Each structure stands twice: as C-alpha cells, then as structure tokens.
Amino acid sequence: MGEQQNSETMLGGYRALDLTQGAFSICGKLMGDLGADVIKIERPGGDRTRNIGPFYKDIPDPEKSLFWFFLNLNKRSITLDIETDEGSGIFKRLVQTADFVLESFQPGYMDELGLGYGLLEDINPAIIMTSITPFGQTGPYAHYKVKDMIGTAMSGAMHYFRYLDSPPLRLTPLPQFELLGALSGAAGSMVALYYRELTGAGQHVDVSCQQIAAGNIMHGIDVWEWMKVAFRGMGPGQFAARPTGLLYTRMIFPCKDGYVYFMAGGGAQAGLVTSSKRLVEIANRDGMCLELKDLDWSQLDMGAIAQEEWDRIQNSLGDFIRTKTKQELFDEAIANDVILIPTTSIKDVVESPQFKSREFWVEVDHSELGESIAYPGFPIKWTELPPYRPQRRAPLIGEHNSDIYEAELGFSKEELVMLKVQGVI
Amino acid sequence: MKGNKVFDGLKVADFAWVAVGPLVGQLLASFGATVVKVECHRYPDMIRVVGPFKDGISGINRGPFGTLPNANKYGISLDINKPRGQEVAKKLVAWADLVSDSMTPGTMAKWGLDYESCRKIKPDIIYYSTTMMGQHGPLNRFAGYGLQGAAYAGFCELTGLPDREPLTMVTPYTDLIAPQYLIVCVIAALLRRRKTGKGMYFDQSQVEAGITCLAPLVLDYVVNQRIASRMGSRDPYVAPHGTYPCRGVDRWVAIAVSTHQEWRAFCQVIGEPDWTKDPKFATLLARKENEDELDRLIGEWTKDYTAEQIMAMMQDAGVPAGVVETWEDAGNDPQLKHREHFNFLEHKEIGRHAYHSPAFKLSKTPAELRKASPCLGEDNEYVYQEILGLSDDEIAELLAEGAITTEADAPATISGL
C-alpha cells in the first residue's frame, strides 16, 4: 500500500495510536482521512466493533462489518492486549514515537493499567492523549453506562423530539451521540496539537459527548428560564416560543411521492419571505393557494399571528405540495429561490447529482472481497494539496502486526509467535 | 503566547453568518483567538431575528438564539455593499490570519473578498467557505439552513415512527457536525503554514459532513441495496431499546439492553416478573420478535417509578438507562454542572444568560468564555480605532456614508419567530 508523502497531506507525518472502540473510532478516522498514520490497537482476536452490523452481503463476519469498514478507513491495525505486562510495555514503546493516543475506555481504566496521561507524559512529554467518553473523566455520571440514545436523552436533546402523541424518539438508528462526541474529540485533539507545536508540550484532552449533544438544545436554557416553556413534541414541525403563546410551524410536508422540507415564514427573515412568496406564485400558476396571492409576507407578524390563521396558510400550501413529486417541487424551488428540499432516503442521497458532481463518493479498494466499494468521502475540498483520496481500506485483524512489530520494533518472527501464543498480540 | 491561551495572537476576520462558520470562529476565540465578526444593521444575520426575545420585546440584540455562536468575539457593523465598506473589509483581511465565509457562492467575489482577492491582500491567508451544498455543483446556490441540510443528508427519513411522517430535526443537526471537520482542517492548515508559509482555501459542504454520520447505512445501500428506514427508538440489533413512561407528567426514561448480562440484570431490577421467564423474551431474537409486547410490559413497570429512580437502579446494576431530560433538567444536570458546561455571561441587552462551553477540556490550556456575544456593532470603536487604526475623521466619513451602519439602519420590525 502506498503511503502518501508527508508533504502531500494535511496530517502526514503525525501518528495516532487508536484504542477507541465502536462509533468513537470516527475520531481517528478523521485524522487518517487527512493523512495521519493511525494505528488501531485491537485486542487479540479483533475488536468487538467488528461484530456490529450492517455486514457486507449480510455475512456476519468480523472482516465484513460495514460499520467497521467506514469507521476504521485509512487506518492500519495491530493486535495487542494492553492489560498484560508485556502488552503494556509494547504500548509504551509505541507511545515514545506517537503524537496522539486516542481512547474511549471507562474513566480510570487507563490509569488502572498504569497507562494514564501522567505516565504517558513521562514517556513522551509531547504526547496528546484524547479520552472520549459519554460524560468526561470525572463527575457524578462519569461511570454511568450509556449507549447512544441514552446519552442523547441525558443531554436534554431528546425530550421534545417526537410527535405530539408519541414517546421521545431516537435520532436515526445510528449512534449519533458517540459519533458527534468523537468528531468533537478530533477538534479538541487538534487544538492540543497546535499548542504543542508552539511549546513542545502535549496534554490531556478530556471529551464529553454529553456536552456537544447538549448543543442541540441551543438557547433552551434561556427559553426555559424566561418562559417556563417545555415544548411537548415537534413532529413534522416546530414550536416557536413567544409571549403570545407557542406557534407551531410545519416543516415536513407530504408530497406525491414522499416528503419535502419547507418552512413558511415572514416578518424580517428576508429569505423566508421571498421563499414563501415564490411558492405561492408557483401554486397560483396551478390555480391553487389563490387566497394567498396578495399576502404580504414581510408584514406577517410572527410574534402575534394566531395559530388558526397560520394553520390556514400552511394547510393551503400543504394542499399544493401534495399534488407534486419531490423532484418537481425541488426543480421549481431551485429555479425560484424557494427554500424547499426533499427529505432524502439513503438511495436519494447516493443518487443525488450534487454529491456526484462534487466527487464526494470515493472508491475504496477491497481486494480481499474482490471488488471496490463507493464510500462517502471527505466533506471539505482544499487547495494546495492533492484532493482527498482514501489511503487504505479498514484493516484486517492483525494486518499490520508484521509491519509494526517486526519492521519497526524489531521483534523476530519467533518472538511474535510466542507473544501470540501468550495472548499478548 | 500570553499565559496559556492556545490561539493568542491568532486573528480571524469572521464574515460568516448563521451557525457553522461562526461556530468555528467561536471555538478559536474560546481558546484565545481574536475574532472580529462583520455584520450589517441593514441586513441582520438571520439568527438575530429569531425569538424569543428578552422581556418579549423584539430586537436584533435581544434574542439569545442570535448569540449562540459568537461568544468572545468583537462585533462590527459594516455595509460591504458599499465601496468604502469593501475597503474597510479589505483592511480587516490584511490584518487577519483567517477569513471565514458562508455566503451563497459568488457573494464574496461580488464584494472583492473571495479567496483569490484576499490572497492578493494577504498571500498566506487561510480562507474557509462553508455552505450547505458547497461551492460547486447543480445545487450550490440552494440557500438553506442546517434543518434543510439535515433533511437532504437523509436524517429526517431515518427519524420518527415507521408508519408516520419523518420528524423534523428540531435542531439544525448538521450545524453541530460540520464545524468539527472544519476546525480540524483549519488548524491543520495553520500548522502547515507555520512550516511552509503558505495559506489554503477550504470549501465545505455541510450536507456532506452530515452524510458521514450516516455512512454505515450508506454502505448498506451501496453493497446490499438496503434502504434504511426509521424505526422509532428501536435499534436494529438490540432489545429492549426505547423510551418508557415514568411517574409524573411527561417523564420518560431511556433504556438499552445490549448483552445477556444486562438483560439478566435488567430482569432483576424490575423484580423478576413472570413475563421475563416466558420464552418469548428469553433471547434477543425472541425479544425482537415480540418487541411491541416487550415495550408495553416494560412501560407497565416504569410508570410506577420516577425516571431518576429507574436510572439510579439500572445504573447500579450495570444496565444502560438515563432520564430523558427536559431543558429544565439539563440546566440542573449535575454532570453538566461538574463540567461547567453552561457559562453565564453578561450580554449588553439580554443581561446574564447561558452559553455552551466546548465539549473538550484541555488539561493545560483551558477554554475561557469571557465575553458575551456582541450586539451588532458593539465593538466598532475598538476594532476601527485600535485594530484597524482608522482616524476619527475616517470613521466619521464612513458613518456619514452609511458604510458603518447604526441602529437607525436596522429593519423597523423584526417580529420573527
């Protein structure tokens, strides 16, 4: 596998030892995307993340987890049991030449193994240790067990997230709580890296997924404080808090072949005024929404309008939307500055001309499967350096043991056999 | 570097509006960067016109929604549509290390502030553009926000109950994802510039950033032709997994049982009722097949306890469970308090109110939120005089021409939602 030259990538030349598991692994992936040498450290036999579906052709095999494939793209991997003395010793050797240690264990676990930040700092004062956990390293909930949805719930970001008549609901069937926390961890790691470039000193980056998830509630703390308003359910729309009482604005409208996202609006939001006006014009052409023809959206007082009147206006627009397909509506929207967009299925996403045109999809060679697979690429384009290209597919179990242990650390083949038999690697 | 501020001395000309671009600037400012936010009374940033407003009185400086991404920044009022305004903007670029942009493609170019123009002013400038769809492509001019972005990335279709409409995101969810990617890239560019002396231009698609958080499902479609669909609060691979009603009004607990041990512990906590011994619920596969009944039975137990009690009992037994917190709960959350997450800062018109802290704590260089988001033009004097070195006469001229705007230029009514 060809390594890109250090000077050809953003983070070429930096190395991360990646102990994270599950969805937390997207942190190291981001670094690997930008050219860092990310070495995944799995327990002997393979990380349990490899048992998470979906699977390639629905074959539940630890070398075929699509979840693993994406989150560990652009990484190499070694097997190592850091709970053994020998394994811990090997890990410390690797820390000597690493820039980052990424981990997502229960707070205290690394300390118990004698691998906490203080000790790693002694080995390598420049090491940046990034610990990504649901709540952070300390505090009353630091040892709570959470999984995705539960963390989101405990961030205040779930309670209002439902229909008017349903329980609170989960945000997609994927672990968004861990994914967003880990992405935030990558950002934090880079802040620490910048400090290190100035001073030579590494530090400990203590990431709380709960804090970034709490970002979802936006100004909710103030709203509650001022108005003692607790929204109950949003469904396909949204409540706005105002002194005259909550105002519900629908945002997801059924159309002929699915749903579109459209928000009517007025007052000082110039974009929404134009958008709403133009949609009415489009509807008028079809003989619909005629009663809205002369509505001056810029004069709509969103702070005072009654829910009944707002509903009448929205229902009228909804009736028109119902008569068209996603594509018809979207084509009209783009041509007329209407802020309306289809709610896409995964299929729509993959087929969208926009992402194709930006060359967002990248082919990843999976020679072990006999084919290449199109993956989501990197969401940012840059100048000066070659465009994003995946370095390598996600690693097989122990795939780079020889590269690291033999070529780098100088173990002989016989020694590796012994370490394997002992369960160290 | 003064004290322990990572980005002390780093200068950002923050032309970006709404959320993603400004959030990047706020993160840098939280760690010591000097960030100047450029706004205009005539065309207030959309976030400033969204309510609720302090004391129910609307105003471009009275809504906390408008303060979310701008803590620690200096705010100036400048009309870049005017030639003299553009001149001043260019002076700001000459001062800056970083320039942010979130306008519809072409807008900054119209103002002579696109990357190539800025490069002429400052050859090593690092410039980041972030929009919903990115700078190019058939949809590049689609002017939407994070809510639309999340919808187009596929989040809505995957959220809600299977037999009902998709849920709106409520939060513009891609607005939280996109800045993380951008921060990583911007800092990498800063480091590269230290070594090479060269700047860089970034073009972000916020929707693409969102898609990366759906990637396993994308691969499931690409490889297996499976189109993922919404499944309420369920998980494809575990049961029970959901939210259950508790004692009190509109109180819920979230519970997820992944392993056999957790299931055994869960059954113990709920008192080993007979139904847990039924083969219908003995294995994961069986629970999946009888999930409706499972959820109903669990709900019959949970309704007699408070969410807090259930969370405590379950956590003691090693079962993942948590209170579905309201905004009030979040404001009182002991863990968020321990992390000092909500920072209360004194805003000139709103008074003391809450700001979110960064989600990561750095052991040697802590973040510091010290200044509330600026009112529009609040820091004109400081920026124009101290940073840009404009004379009193120059400033007076700019005011007279309307290149520097004042409250008098703001829209008459902004009774936004």
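Modeller: Helix 7 (residues 176-199) of chain A packs against helix 6 (residues 174-196) of chain B at an angle of about 20°, with the axes 9 Å apart. Both are DSSP runs of H or I with at least four residues, numbered from the N terminus; strands are runs of E with at least two. This is a predicted model: local features need pLDDT of at least 70, side-chain atom pairs count only at pLDDT 80 or more, and totals for chains, interfaces and linings use all residues. Residues are numbered from 1 along each chain as its sequence is written, while chains are lettered from A and ligands numbered from 1 in the order in which they are written.

Colleague: What makes helix 7 of chain A roughly parallel to helix 6 of chain B?

Modeller: The angle is about 20°. Angles run from 0 to 180 degrees between N-to-C directions, with axes fitted to C-alpha atoms, for helices over the stretch in contact. Under 35 degrees is roughly parallel, over 145 roughly antiparallel, 65 to 115 roughly perpendicular, the rest oblique. So helix 7 of chain A is roughly parallel to helix 6 of chain B.

Colleague: Is the crossing of helix 7 of chain A and helix 6 of chain B left-handed or right-handed?

Modeller: Left-handed. That word applies if the near helix is turned anticlockwise from the far one by less than a right angle; clockwise is right-handed.

Colleague: Which residues in helix 7 of chain A meet helix 6 of chain B?

Modeller: Among them are A:Leu180, A:Leu183, A:Ala187, A:Met190 and A:Glu197. Their counterparts in helix 6 of chain B include B:Ile177, B:Ile183, B:Leu191 and B:Arg194. The residues of this contact divide into 16 nonpolar, two polar and two charged. Nonpolar covers Ala, Val, Leu, Ile, Met, Phe, Trp, Tyr, Cys and Pro; charged covers Asp, Glu, Lys and Arg; the others, Gly among them, are polar.

Colleague: How many residues of chain A are in contact with chain B?

Modeller: 136 residues of chain A are in contact with 132 of chain B. Contact takes C-beta atoms, placed from the backbone, within 7 Å. Helix 7 gives the most to the chain A side, with 18 residues. By class, that side has 84 nonpolar, 37 polar and 15 charged residues.

Colleague: Why do strand 6 of chain A and strand 12 of chain B count as a pair?

Modeller: Pairing needs at least two bridges found by DSSP. Strand 6 (residues 204-208) of chain A and strand 12 (residues 360-362) of chain B have three, in the antiparallel sense. A:Val205 stands opposite B:Leu362.

Colleague: Which strands form the open sheet?

Modeller: Seven strands, in the order 14(A)-6(B)-5(B)-4(B)-1(B)-2(B)-3(B), with mixed pairing.

Colleague: What makes strand 14 of chain A and strand 3 of chain B edge strands?

Modeller: Each pairs on one side only. The twist averages 20° from one strand to the next. Helix 6 of chain B packs on the sheet, touching strand 14 of chain A and strands 4, 5 and 6 of chain B. Its direction makes about 165° with that of strand 5 of chain B. Within the sheet, strands 1 and 2 of chain B pair in the parallel sense over four bridges, and B:Ala13 has B:Val36 as bridge partner.

Colleague: How do you know that helix 8 of chain B is mostly covered?

Modeller: Eight of the 10 residues in helix 8 (residues 215-224) are buried. A buried residue has 20 or more other C-beta atoms within 10 Å of its own; 12 or fewer is exposed, in between partly exposed, with C-beta atoms placed from the backbone. B:Leu217, B:Asp220 and B:Tyr221 are among the buried ones. The buried residues pack against helix 2, helix 13 and strand 13 of chain A, together with helix 7 of chain B.

Note on methods:
Two residues are in contact if their C-beta atoms, placed from the backbone, lie within 7 Å.
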